[in-house]
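Subject: Structure handover

Hello,

Here is the structure for your files. Notes on what was found in it follow below.

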Amino acid sequence: MIKLALLHFGFEDYTIELANSLVKYVDLTLIHPENVCINVLDSSIRVISFKKPRIRDPRNLVSMGTMMRIIKDIQPDVLHVQETNDPWYDWTLLLNKMPPLVTTIHDIFRHPGDSMAVFGSEYTRRIAFYRSQQLIVHTHQLKKILIEQFSLPQERVNVIPHGELGSLYQRRGNHLSQPRDPNTLLFFGRIWPYKGLKYLLEAMPLIAERVPEVKLIIAGRGENIKQYFPNGYDEKRYEIINDFIPLEEVSNLFQRSTVTVLPYIEASQSGVAALSYGMGTLVVASEVGGLSEIVQHKKDGLLVPPCDVQSLADAIICLLSDRNLQQRMQTAALARCQQDLNWSNIAAQTVEVYQKTIRTGH
């Protein structure tokens, strides 16, 4: 059985679901900073945490030393790291001998307008691209970028989809089943310019002409929402939660909504789409980046050209006004949660990457 160390600094949802499925296949130890919240984890998984100061704190040097000792003690056959934006880790990777290394790259580039990124990380994180024996990305589009722009050999880049997150949030939820409102739309997650909220807000009056009861929930942190509503807003039409959404309340938002809207201008992959599918909430998304691989147009969701307000409005009207279409797409979306978006399948594919890493040598 492969002895695996799984290291992450964030991407908790992804890591929890991957670890819970991997533990059936490998001897697994999960390593992460103390302040990372990990819940609903399989009790058979060994977890080791270490103190990790904030990025600008020089005590990170000590922290990285501790992390390396933990890895050396485990002596894993494979170290699997969820991509980090942490230059301290990147430098550690450059300067130390690592076990055979697999890295999952969730985003190759920083999102436009994302103010959370760490200074310099854009450059240092590329170290992981070159130091890893194998890389995992979630879409073929990301694989193409790594091969073409970063000259990585294609046999080192593996495409494994981002699994569904609905079942995770249902386990975390407060188990009060919310009735689904047939006319409610949801815009969920961090609110940055690349998420294209302004196009959805411009589409709302067009949708309301045809579906007068339409309502939009905007839930997430990020930019100040007031800039989108300089004259205030109609509380019957909009419900705004401009804050961090507690994990146990996330499932309620998706259960109440019929359609999740992702009017993004740019996207590498989307945890929000992965969450919607697992919740049986339909998706209308821009045809950009990895979204066009996640959403299967007219089967389990609708794709529209980015920045196109009229097409966005038309797609949403089409879905809200056709109950049969909703049923068909919902069934197709939930079926995908048993197929390519299913964590057992994803874990099995990930183990194949580990085997390849061990075979191709250190």
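The count of salt bridges comes to 12, a salt bridge being a side-chain nitrogen of Lys or Arg within 4 Å of a carboxyl oxygen of Asp or Glu. This is a predicted model, in which local features need pLDDT of at least 70 and side-chain atom pairs count only at pLDDT 80 or more, while totals for chains, interfaces and linings use all residues. Residues are numbered from 1 along each chain as its sequence is written, and side-chain values use heavy atoms, with hydrogens and water left out.

Salt bridges

One of them pairs D13 with R172, with 3.1 Å between the closest N and O atoms. D13 is in helix α1 (residues 12-22) and R172 in helix α7 (residues 166-172), so this pair ties together parts 159 residues apart in sequence. Helices (H or I, at least four residues) and strands (E, at least two) are DSSP runs, numbered from the N terminus. D13 is buried at 18% relative accessible area, and R172 is buried at 8%. Buried means under 20% relative accessible area, exposed over 50%, and partly exposed in between (1.4 Å probe, protein chains only).

E17 and R171 also meet in a salt bridge, at 2.8 Å from N to O. E17 lies in helix α1 and R171 in helix α7, so the pair ties together parts that are 154 residues apart in sequence. E17 is buried at 5% relative accessibility, whereas R171 is partly exposed at 38%.

D27 forms a salt bridge with R46, the closest N and O atoms being 2.6 Å apart. D27 is in strand β2 (residues 27-33) and R46 in strand β3 (residues 46-50), 19 residues apart. Both ends are partly exposed: D27 at 26% and R46 at 42%. Elsewhere, salt bridges with shared partners join K215, E239 and R256 into one network.

Strand β5 and its neighbours

In strand β5 (residues 101-104), L101 and T103 point one way and V102 and T104 the other, and all are buried. Strand β4 (residues 78-82) runs parallel to β5 and is joined to it by 4 bridges; strands pair if DSSP finds at least two bridges between them. V102 is the bridge partner of H80. From β4 the chain crosses through helix α3 (residues 87-95) to β5. β5 is also joined by 3 bridges to strand β6 (residues 134-137), again parallel, with L135 as the bridge partner of T103.

Helix α3 contains L95, which counts as exposed at 67% relative accessibility.

Regards

Notes: A crossover is right-handed if, with the strands pointing away from the viewer, the path from the first strand over the helix to the second runs clockwise.
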